[in-house]
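This report goes through selected local features of one model, with the cut-offs behind each term given where the term is first used. Please keep the sequence and the coordinates at hand while reading.

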Amino acid sequence: MKRIIIEGNHSLTGTIKIGGAKNSAVALIPACVLASGELTIKNVPNISDKDALIEILNLLNVSVKEEDGILKINTLKIKNNIIDEELSNKLRASYYFMGALLGRFKKAEIYFPGGCNIGSRPIDLHLKGFEALGAKIIKEDTKYIITADNLKGANIYLDFASVGATINILFAAVMASGTTIINNAAREVEIENIAEFLNKMGANIQGAGTETIVINGVKELHSAEIEVIPDRIEAGTYIIMGSLIGKNLIIDGVNPNHLTVVLNKLKEMGVKLKVTDHQVILNRTSNLKAVNVRTSVYPGFPTDLGQPMSVLLTQAKGISQFEETIFENRMGHVPNLQKMGAVIEYERQHATFHGKCSLHGAELIATDLRSGAALVTAGLIAKGITIINDAEHILRGYERIIHKLSNVGAKIEIVEV
Ligand code: UD1
């Protein structure tokens, strides 16, 4: 087990450089199997989810060269092997191989994906989308065998604007015959990045980033190059840390347009921040105002920042209401924050914060990736020592977090226990 240890209350000053977006990279890597040739992905974040996806590519006999955040992926000798349960289970994004292998070979054999335990997270919308395109699905316990004689364009409506289902259907449809329309598609900026990559490979996709995506099927896809967009969730997490304990802390390499709702919410709380076209500069704000936060699909307040944002709510004077609308089980950080002295009442997807609370160090457990990020945030402002167990979760999505925070003055280390 990995454990993060933080001595709190040291100002963060200097520059934190933001990496490539996890949720984009974890779809761009599987997207490569749709093409025959050499694919280049730049600005890939150094996170453990990326390593797990490379393991899957290796299993498929795809060669991967990695240097300085650039992946060169050669699919010329690809074999459509079964993706075993252990690999499928390592992360959520393994499910992108369902759509990608189905799109390329008309067959995918893979197990139910892993990922953070933040709700039941079914994949019914992905599967219904594949079926609409003509696929047949056999489920053997947790294994899925998805096959199609022919994939044919269809008019698909998603009951919920799911990020994963939108991308997976895109993958399956890109070489289907005719036109596919995804209605009520997710509008996350990562989807635009993925559609751009597919179009560079020769696909014909319009409307990515809006609620209607139109895909005109093409015969085959070829070599291409793409750069991963900046990680808005990583940036948002460090922006929240800067609001709490920054001293001219510069968050660099951000696209502020991807964080409009978050930055507006911080301004509403009274956070002192300066925004340029690629940086956000922050100073600790001591008299934060209570606000209400409700997560929702893009462009709403991102569910992935709800947990780090909770720490800011513990420091605002008055009562803040928080509502998580996407996942049923995203309050794993709350009992931990209570242990540190935060006054929070919560029930399922609602929490009421009574601020301002003085936080003290405690021994905590990271229940999932973003709850782990919230605990690191809390540890940075707490009096004394904070110990975060099960810190592996955090490394799945925050590249070199210990290095990035130490570099700006945090007293933080990670140990193996
Ligand atoms: C992705 C992100 C995750 C983010 C989430 C919402 C990746 C790898 N993960 O997760 O970081 O928190 O978007 O922004 O990109 N649902 C169904 N049936 C389905 C699919 C989804 O009921 O077939 C439900 C889910 O249970 C959840 C909601 O829809 O309640 C949103 O899920 P979705 O947008 O699909 O999230 P993920 O793709 O799992």
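## Backbone exceptions

K356 is placed in the loop between β21 (350–355) and β22 (363–365), where helices (H or I, at least four residues) and strands (E, at least two) are DSSP runs, numbered from the N terminus. The bond that joins G355 to K356 is a cis peptide bond, with omega about 5°. This is a predicted model, in which local features need pLDDT of at least 70 and side-chain atom pairs count only at pLDDT 80 or more, whereas totals for chains, interfaces and linings use all residues. Residues are numbered from 1 along each chain as its sequence is written, and side-chain values use heavy atoms, with hydrogens and water left out.

A cis peptide bond also leads from Y298 to P299, with omega near 10°, and P299 belongs to the loop between β18 (293–294) and α10 (306–314). K106, although not a glycine, has a positive phi of about 65°; its place is in the loop between α4 (96–105) and β6 (107–111). With a relative accessibility of 27%, K106 counts as partly exposed, since buried means under 20% relative accessible area, exposed means over 50%, and partly exposed is in between (1.4 Å probe, protein chains only). D390 is likewise not a glycine and has a positive phi of about 55°; this residue lies in the loop between β23 (385–389) and α13 (392–395) and is partly exposed, with a relative accessible area of 30%.

## The ligand site

The ligand is surrounded by 20 residues, of which the closest are Y95, L125, S162, D304 and I326; a residue counts as near a molecule if one of its heavy atoms lies within 4 Å of it. The elements that contribute two or more residues to the shell around the ligand are α1 (22–31), α5 (124–132) and α6 (163–173), and α5 gives the most, with three residues.

Polar contacts are pairs of N or O atoms within 3.5 Å; within protein, one atom must be able to donate a hydrogen and the other to accept it, and residues adjacent in sequence count only if both atoms are side-chain atoms. An oxygen atom of the ligand lies 2.7 Å from an N or O atom in the side chain of Y95, an oxygen atom of the ligand is 3.0 Å from an N or O atom in the side chain of N23, and a polar backbone atom of G164 is 3.0 Å from an oxygen atom of the ligand. Taken alone the ligand exposes 740 Å², and the protein buries 88% of that, with accessible areas from the Shrake-Rupley method with a 1.4 Å probe, where for residues only the protein chains shown count as cover.

R232 is found in helix α8 (residues 232–245) and, at 9% relative accessibility, counts as buried. The side chain of R232 makes a polar contact of 2.9 Å with the side chain of E190. Apart from neighbours within four places in sequence, R232 is in contact (heavy atoms within 4.5 Å) with E188, V189, E190, H258, L259, Y298, P302 and L305.

A polar atom of the S243 side chain lies 2.8 Å from the backbone oxygen of I239. Not counting residues up to four places away in sequence, S243 touches L266, V271, L282, N283, R284, T285 and L312.

I381 has its place in helix α12 (residues 369–381) and counts as buried at 15% relative accessibility. I381 and V311 are 70 residues apart in sequence and 9.4 Å apart in space, C-alpha to C-alpha. Leaving aside neighbours within four places in sequence, I381 is in contact with N9, L244, I245, V311, Q315 and L359.
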